[in-house]
Amino acid sequence: MASVKLSDSLAQLAKDGRLFHCHICLFIALFSLYEKSEFSASFRITRKTLMMLSKIQSTATYHKCMQDLVAFGYINYTPSYDYYKGSQVSFLALDKVSSVKLS
């Protein structure tokens with residue numbers, strides 16, 4: 001996605017009844033790294049960094065939230081099992097978000 005605006009994203013996240021606070025914290029942490037990467041279309045992340053930024057302490061919760069953000073159409077996530085390389089993430093257009101349970 002060429003450009004993601006945080007305010008638009010947060011408004012969409014707030015409407016989505018499937019998401020909990022941990023999803024939103026993780027999304028904001030992802031956005032922080034997106035901004036740090038100078039808004040490149042895709043950027044590299046590590047679980048350790050995202051868990052620290054989002055204040056998620058359980059790896060199970062982290063993985064569940066990442067899976068949900070992918071399943072609900074907020075992000076593309078390509079895992080890498082190389083700690084030094086990091087996984088690849090990109091944001092998807094908000095109008096493409098699966099709106100099964102928006103409230």
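Being 4 residues apart in helix H4, Lys64 and Asp68 sit about one helical turn from each other. Helices here are DSSP runs of H or I with at least four residues, strands are runs of E with at least two, and both are numbered from the N terminus. The model is predicted: local features need pLDDT of at least 70, side-chain atom pairs count only at pLDDT 80 or more, and totals for chains, interfaces and linings use all residues. Residues are numbered from 1 along each chain as its sequence is written, and side-chain values use heavy atoms, with hydrogens and water left out.

**Salt bridges**

The whole structure holds 2 salt bridges. The criterion is a side-chain nitrogen of Lys or Arg within 4 Å of a carboxyl oxygen of Asp or Glu. Side chains of opposite charge can pair when their charged atoms come close. The table lists the pairs with their burial. Buried means under 20% relative accessible area, exposed means over 50%, and partly exposed lies in between (1.4 Å probe, protein chains only).

| Arg18 and Asp16 | 2.7 Å | Arg18, 13%, buried | Asp16, 3%, buried |

**Nonpolar core**

The largest nonpolar core has 24 residues. Such a core is a set of buried Ala, Val, Leu, Ile, Met, Phe, Trp, Tyr and Cys residues joined through side-chain atoms within 4.5 Å. Leu26, Leu30 and Ile45 have the most contacts inside this core. Helix H2 (21–36), strand E1 (43–45), H3, H4 and strand E3 (87–91) each give two or more residues to the core. H2 gives the most, with 8 residues.

Which residues does Leu30 touch, not counting those up to four places away in sequence? They are Phe43, Ile45, Leu50, Met66, Leu69, Ile75, Val89 and Phe91. Contact means heavy atoms within 4.5 Å.

**Largest pocket**

About 330 Å³ of space lies in the largest pocket. Its lining has 16 residues, and Arg47, His63, Tyr77, Ser80 and Ser87 are the closest to the centre. H3 and H4 are the elements that give two or more residues to the lining. H4 supplies the largest share, 4 residues.

A pocket is an open set of points on a 1 Å grid over the protein atoms alone, where a 1.4 Å probe fits, with protein on both sides within 12 Å along at least five of seven lines; lining residues have an atom within 4 Å of a point. The volume is the space filled by probe spheres set on the points, which are joined across faces, edges and corners.

The lining divides into 7 nonpolar, 6 polar and 3 charged residues. Ala, Val, Leu, Ile, Met, Phe, Trp, Tyr, Cys and Pro count as nonpolar, Asp, Glu, Lys and Arg as charged, and the others, Gly among them, as polar.

**Loops**

Most residues other than glycine have a negative phi. Glu38 has a positive phi, near 65 degrees. Phe39 has a positive phi too, near 60 degrees. Glu38 lies in the loop between H2 and E1, and Phe39 has its place in the loop between H2 and E1. Glu38 is exposed at 70% relative accessibility. Phe39 is partly exposed at 39%.

Lys55 belongs to the loop between helix H3 (47–54) and helix H4 (59–71). Lys55 is exposed, at 68% relative accessible area. Lys55 and Cys22 are 33 residues apart in sequence, yet their C-alpha atoms are 8.4 Å apart in space.
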